[in-house]
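Hello,

Here is the structure for you to look through. My notes follow below it.

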Amino acid sequence: MTGLQITGVSKAYDREAGAPVLDGLDLTVPGGAFAAVLGPSGCGKTTLLRIVAGFLRADAGTVTVGGRILTAPGTHVPPEHRRVGIVPQEGALFPHLTVARNVAFGLPGLDRTARRRRTEEMLDLVGLGGYGDRMPHELSGGQQQRVALARALAPEPELVLLDEPFNALDSALRAGVRTDVRAALRATGATALLVTHDQQEALSTADLVAVVRGGRVAQCDTPQELYRSPADPWVAGFVGDAVLLPGTADDGCAETPLGRLPLSRTPGAPAGTVVLRPEQLRLTAPESAAARGTVSQVDFYGHDAMVTVDVDGLDEPVEVRVSGPVAVRPGDRTGVRVTGEASLHT
């Protein structure tokens, strides 16, 4: 299995206009891992993908796949020689070719029998065995994306790049297609890099998530560690809902408007911003809580609800994630308590 190593990659479209899109970005993806690059619009996600694919030249830095240098000062391997498969947005299938011929498009070096066998293997892998004679317009959006994945995997690439491939799918279909794509990639042992702006997609799909901010990786970690121990308040708020409070550290705990909270790690400074997740907060009877407030909003999502509380003495409201029936309504008084550990950032 081969991995991806990106070191010090920089790219500016207009060097006189200001900051570069990518500014010395570093990222390591182990062989066989499924990594997601997550970030807001304009952070450089797509630029990074295009550099790895070979569609753009980097201004500086190196890109290595399986120990083979693809991009470096004075080196630029053309896209067709990189052994990198690409699954673009909305599939981008050839409309005049059958499903089988779309998949076989990247296998010109094989004889007819071997090409047909490989095509059938790939269609079986993505759950579309028997669909080879159909035309792209006869498939659903999710089926087209699976064909695009089969086409990318057919030449046995060292790396597969996925460029926000689920954007065009409705929410009910998206989760199922993500699961199928992940299973197919793991079955082949391919290293994969998904570019997305969807936090839920990144956290639920990838083995590693790299959050990009200002052209650099702000944090790269497993989804659980990224969510549980964000590098700073910005990362915490970007990868999920976060409750941010002022706090001061004291003997392994933080004094906050919601009470004295245990810290998950020793802070680097005595005061800063305390980070919690809404599911760590609980609504209680006002008289039994250290923090009290007034419910200002209840957003119901079916499987849970988000309750917004204006806590006495706090300028900003806090959000409490509640599972099951919601017993409070806007205007109700409530107490708020915290479970688990918090983190403090300067």
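This is a predicted model: local features need pLDDT of at least 70, side-chain atom pairs count only at pLDDT 80 or more; totals for chains, interfaces and linings use all residues.

**What turned up**

Pro-257 sits in the loop that links β13 (253-256) to β14 (259-262). Leaving out residues up to four places away in sequence, Pro-257 touches Leu-245, Pro-246, Ala-291 and Leu-314. Its C-alpha atom is 8.6 Å from that of Asp-312.

Now the cysteines. A disulfide is a covalent bond between the sulfur atoms of two cysteines. The count here is zero disulfides. Cys-43 is in no disulfide, and the nearest cysteine sulfur, that of Cys-220, is 14 Å away. Cys-43 counts as buried because its relative accessibility is 6%. Cys-253 has 17% relative accessibility, so Cys-253 counts as buried too. The cut-off for buried is under 20%.

Next, a pair of helices. Find α4 (residues 141-153) and α5 (residues 171-188). Their axes come within 10 Å and cross at roughly 15 degrees. Angles under 35 degrees count as roughly parallel, so α4 and α5 are roughly parallel to each other. The crossing of α4 past α5 is right-handed.

Which residues in α4 and α5 meet? From α4 come Gly-142, Gln-145, Arg-146, Leu-149 and Leu-153. From α5 come Leu-173, Val-177, Asp-180, Val-181, Ala-184, Leu-185 and Thr-188. By class, this contact of α4 with α5 has seven nonpolar, three polar and two charged residues.

Best wishes

Technical notes
Residues are numbered from 1 along each chain as its sequence is written. Side-chain values use heavy atoms; hydrogens and water are left out. Axes are lines fitted to C-alpha atoms, for helices over the stretch in contact, and angles run from 0 to 180 degrees between N-to-C directions. Helices (H or I, at least four residues) and strands (E, at least two) are DSSP runs, numbered from the N terminus. Angles under 35 degrees count as roughly parallel, over 145 as roughly antiparallel, 65 to 115 as roughly perpendicular and the rest as oblique. A crossing is left-handed if the near helix is turned anticlockwise from the far one by less than a right angle, and right-handed if clockwise. Contact means heavy atoms within 4.5 Å. Ala, Val, Leu, Ile, Met, Phe, Trp, Tyr, Cys and Pro count as nonpolar, Asp, Glu, Lys and Arg as charged, and the others, Gly among them, as polar. A disulfide is a pair of cysteine sulfur atoms within 2.5 Å. Buried means under 20% relative accessible area, exposed over 50%, partly exposed in between (1.4 Å probe, protein chains only).
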